[in-house]
Amino acid sequence: MGALVKELDNPTFRLAVAQFDQAAERMNLDPNLRQRLKLPERSLMVSIPVRMDDGTVKVFNGYRVQHDSSRGPSKGGIRYHPDVNLGEVAALAMWMTWKCALAGLPYGGAKGGVQVAPERLSRAELQRLTRRYAAEIFPIIGPDKDVPAPDVGTDAQVMAWFMDTYSQQVGFPVPGIVTGKPLSIGGSLGREDATGRGVVYVTLEAMRCLGLDLDKASVVVQGFGNVGSHTARIMQQSGARVIAVSDKSGGVYNPKGLDIPELLRRYRVDGHQSLGDTKMGDRISNEELLTLECTILVPAALSEQITRLNADKVRCRILAEGANGPTTLDADQILTDKGVFIIPDILANSGGVIVSYFEWVQDAQRFFWKAEDIQDRLQEIITAAFRRTQQFSTAKGVTMRMAALMSGIDKVAQAHLARGLYP
Ligand code: NAD
């Protein structure tokens, strides 16, 4: 166990454990359970040999971590990024456990990742990497065991290769092995923009609590991938003024509001490599973007973006955490003291896993729902989770983050106590 703890030790895992410890302390969690829930149930490290287009073989590091399965099969995305490591994957898996429990989904938490810069691989290399990674983690995944989904650096195409590889191994099609796949092989309507849509639904609830109006709100979004781009688009569609967005190369800013559909067209359709190249708005760095005055700030890129070094300069009324773990513990305290309304990650970005759950249910039933049904059910589940969290926060006098963590952890604790310890 000592060796595992050492392998896991990194800032993101420390953040997840520190949040868990704070919540466990506050809720007086059974010490035996505290010990069990701090560490993942199962962690797998794999080497992924890939034949590159030039004929050489490169070996990549891959991971799949299952944090908890007391409430159902574990669920969580797959990240392709050069900084992926076991500790980060384990932290993300732990947050998935609390997120699924908070939303009331019958899932535990998991996460996977490969240490790779996907944009440096050709499409054929990316496919070979994905297929070999899927084959390496095959023994521990399955539609009733552990169900992957997209995350940073992966998309519906990667999920399709993943689904095909798994299906080839077992000899028949298994759509329920992954979510976030294309519609043609059992994907769900509304999955692509589900996380962004969920961010908007919970932000609307927060605005209602604060007596604010989205028509008068300004929005800043860090990250312009799946979560960030859809959040920006739906925020604007819902009446807000989106004044700045960014990707890893920096951002663009226009205090009068950016035209998001046009920006998306230039970025995606015209294939620009960075947002700056789209020639829309003034160029701005990611550091500047996070400190712009706005009503709603949505970090939707990576973790630990708001730290004790910049939290003081953050000037938003609402922080809606589209990304996982974007705010460090110190920064959280600084923002709370400043009166920022924080919608914590495990609540704010749960739209993705909620619609992934719908996809998995549709695959199991071989019966597919209409887009309106998906949006309505997403709104119902995420809004109810927001309201429960808000009521809990008021009743117990704790922050929204603490309320969300305590509610999620409590549901997992109940499941462990009911099932007992084997043997
Ligand atoms: P993505 O790969 O589609 O997009 C990531 C975006 O972040 C890209 O625009 C990239 O350029 C940008 N980025 C990377 N490094 C950056 C940096 N240092 N500064 C600014 N921008 C940077 O990934 P995604 O799926 O949108 O995920 C974003 C975040 O949301 C992650 O934290 C992920 O775990 C979380 N999340 C994703 C989903 C989902 O359904 N995809 C669900 C819940 C949470």
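This is a predicted model: local features need pLDDT of at least 70, side-chain atom pairs count only at pLDDT 80 or more; totals for chains, interfaces and linings use all residues.
Local features require pLDDT of at least 70 and side-chain atom pairs count only at pLDDT 80 or more, while totals for chains, interfaces and linings use all residues. Residues are numbered from 1 along each chain as its sequence is written, and side-chain values use heavy atoms, with hydrogens and water left out.

Across the whole structure, the search returned 10 aromatic pairs, a pair being two rings of Phe, Tyr or Trp (its six-membered ring) with centres within 6.5 Å. One of them joins F341 and F386: with ring centres 6.3 Å apart and planes at 20°, this pair is stacked (planes under 30 degrees apart; over 60 is edge-to-face and the rest tilted). Helices (H or I, at least four residues) and strands (E, at least two) are DSSP runs, numbered from the N terminus. Both F341 and F386 are buried, that is, under 20% relative accessible area, with exposed meaning over 50% and partly exposed in between (1.4 Å probe, protein chains only).

A second example is local. Y357 and W360 lie three residues apart in helix 13 (residues 351–365), so about one helical turn separates them. Their ring centres are 6.3 Å apart and their planes meet at 35°, which makes the pair tilted. Y357 is partly exposed at 22% relative accessibility, whereas W360 is buried at 16%.

Y357 and W360 also belong to one aromatic cluster with Y107, F358 and W369. At W369, the charged end of R377 sits over the ring, 4.3 Å from its centre; the criterion is NZ of Lys or CZ of Arg within 6 Å of the ring centre and within 35 degrees of the ring normal.
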